[in-house]
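Morning, everyone. I will go through one structure today, so please have it open in your viewer.

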Amino acid sequence: MKWIGTALIAAALLLPPFVAGDFYINLASQILIAAIFALSLNLLVGFGGMTSLGHASYLGVAAYLSALLTSRYGFGHGSAALISILGTIVMAAFFGLIALRATGLGFLMITLALSQVLWGLAYRMSNITNGDNGLAGLTRPSPFGISLDSAASFYWFALIVAAFAFVMMAIFVSSSFGSSLKGVRDQPRRMAALGFNPWMIRWITFIYAGFWGGVAGLLYVYYNKYIHPTSLSTTSSAEALLGVIAGGSGTLGGPAVGAALVLLLKNYASAYVERWNMLLGLVFLFIVLVMPTGIVPGMQKLTAWFRGRPS
Amino acid sequence: MQFWIIQGLNSLSLGGLLFLLSSGFSLIFGLMRLANLTHGAFFMLGTYFGAVALRDYSGLNIWVTALGAGIAVAALGGLFERLVLTRLKTNPLGQVLVTLGMSFIISDACLVLWGGDSIPVPTPQNLQAPTRLFGFVFPTYRLVLVGVAVIAAIALYVLMDRTRLGAMIRAGVDDRQMARAVGIPVSRLFTIVFCLGAGIAGAAGVLGGPILSAYPGLDADMLPLALIVVILGGIGSLFGAFVGSFIIGFIYTFGTALFPELAYVILFLPMIVVIAFRPQGLFGRAGA
């Protein structure tokens, strides 16, 4: 049964460039980017039990760094990407040092405050970030001389990165380190008694999640060729968190599904109504009140229930 | 010299405003273990109520408006607590997420109702004339605002420390189960405290109006300040919120005046220092 599902997903992922128009290919690319981002947040929320409301920081900072380096300081895309990712990792390490002094709600509040500070900086340091106007006129890289300007080529690029990210994060959580992470999430004191260092395990996970958040940020800025302070806003963090929770935190595929749903909702809703933030708020209330464990676990429960019944 | 004194007063008045905002946040967190991310939106809602009411009804004065807005926001908060938060008693993360969702709804509703342009809140007429003290000129309204914050702080202290209700709330903070066991209606206390916190934020929104004016995004500007104040002062501690508010008031005002672009970075330096050496905040209790 399982390989059929995998094959179906693979087919669905490989199909868009052949059958769909540019609009839908672009939509699929955006979903892949949102999925990487949600998966990276899920490492913290689902597997680490650290609910961060500041994950947009890593997406935004990597995107801004790459945008600034390529458009203003004349770096090539390769070196700019490398520096952006390194910068994001250093920032994640530093933010982790601060935020991981607390756990639970304290952690959530500190991550939120830190990301709001970055958002404020992006708005106010307008001689560097161009403030509310954002940075426009950016370019996409052309790895190995292949231009990514067409919708299909960018989709393949995003798909390769997303597949790699998914495999790397799957390995991460199923490794022995991942097991110790789940142990720290559930029983930090017992893990400490067993000789593990809960703080270090959390910190490493925090940095790893920040790294993949940065990768999502690079794809984000390549795709949009534009960057604006809203990418650093609480709304941006909240959308990702909603994806994680709607899809089912602590599952591997769930957040990707959740992120896709949030993105589709956002796209379709904005075609009809202007009130995305209000809708996002309502969806938050709905998901938390009605299906708090997420859609994918909800479905699993449902299928298990069907299978369990004698036919 | 005039610069330092005026900026000093501005710091005090911003600090007073921050105290009104963060005291409610801190109270709610202390009792309910709930990080109420709607708090910035409650504040903004108050500011809009005030701005619109004072614009459309010339007979109103700002104090009555603040009281009215406080009651209105408290009622809204109470509804939200009764209808939504109580359903999520066993799910603290869910509670935080619905407060976040609620803040998006409120801020977007404000945008729909009152548009994207900022609406100024006039300074009350009898407080427009500057006050002269020791040869310096002070904006009177800001002086009054500091006074209001101090009075509110004293009132809250008396409420928490000298009344039966305060004693019940403190009991709920210390040991919820035990408080229930001796017959304290803890879940009704939750509603009362949530209304109180929301109401103070709403009233503070009106009072802050003449300094800040009502504009979209005010909630996103105020919430991090409140968060930083309570992280600095110690989550759940009123005294911590008081001290933290004035520290942040000074740092933010002087930071903005002296290094306008770096004000935001300077703002979070004290937070980092405090978290590094005293994770529970200046006046917080360990394990809280």
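Leaving aside neighbours within four places in sequence, which residues is A:Gly214 in contact with? They are A:Tyr58, A:Ala62, A:Ser84, A:Ile85 and A:Thr88. Contact here is two C-beta atoms, placed from the backbone, within 7 Å.

Some housekeeping. This is a predicted model, where local features need pLDDT of at least 70 and side-chain atom pairs count only at pLDDT 80 or more, while totals for chains, interfaces and linings use all residues. Residues are numbered from 1 along each chain as its sequence is written, and chains are lettered from A and ligands numbered from 1 in the order in which they are written.

Back to A:Gly214. It lies in helix 11 of chain A, residues 198-224; helices are DSSP runs of H or I with at least four residues, numbered from the N terminus. A:Gly214 has 30 C-beta neighbours inside 10 Å and therefore counts as buried. The cut-offs are 20 or more other C-beta atoms within 10 Å for buried, 12 or fewer for exposed, and partly exposed in between. From A:Gly214 to A:Ala102, 112 residues apart along the chain, the C-alpha separation is 23 Å.

Next, the interface. On chain B, 35 residues are in contact with 32 of chain A. Helix 4 (92-114), helix 9 (218-233) and helix 11 (263-277) of chain B each give two or more residues to that side. The largest share, 14 residues, is from helix 4 of chain B. By class, this side of chain B has 28 nonpolar, four polar and three charged residues. Nonpolar means Ala, Val, Leu, Ile, Met, Phe, Trp, Tyr, Cys and Pro; charged means Asp, Glu, Lys and Arg; the others, Gly among them, are polar.

From chain A, A:Ala113 touches B:Pro224, B:Leu227, B:Ile228, B:Ile231, B:Phe268 and B:Met271, with residues up to four places away in sequence not counted.

Last, a helix pair. The axes of helix 1 (residues 2-32) and helix 10 (residues 238-258) of chain B come within 7 Å and cross at roughly 140 degrees. Axes are lines fitted to C-alpha atoms over the stretch in contact, with angles from 0 to 180 degrees between N-to-C directions. The two helices are therefore oblique to each other: under 35 degrees is roughly parallel, over 145 roughly antiparallel, 65 to 115 roughly perpendicular, and the rest oblique. Their contact has 13 nonpolar, eleven polar and no charged residues.

In helix 10 of chain B sits B:Thr256, which counts as partly exposed because it has 19 C-beta neighbours inside 10 Å.
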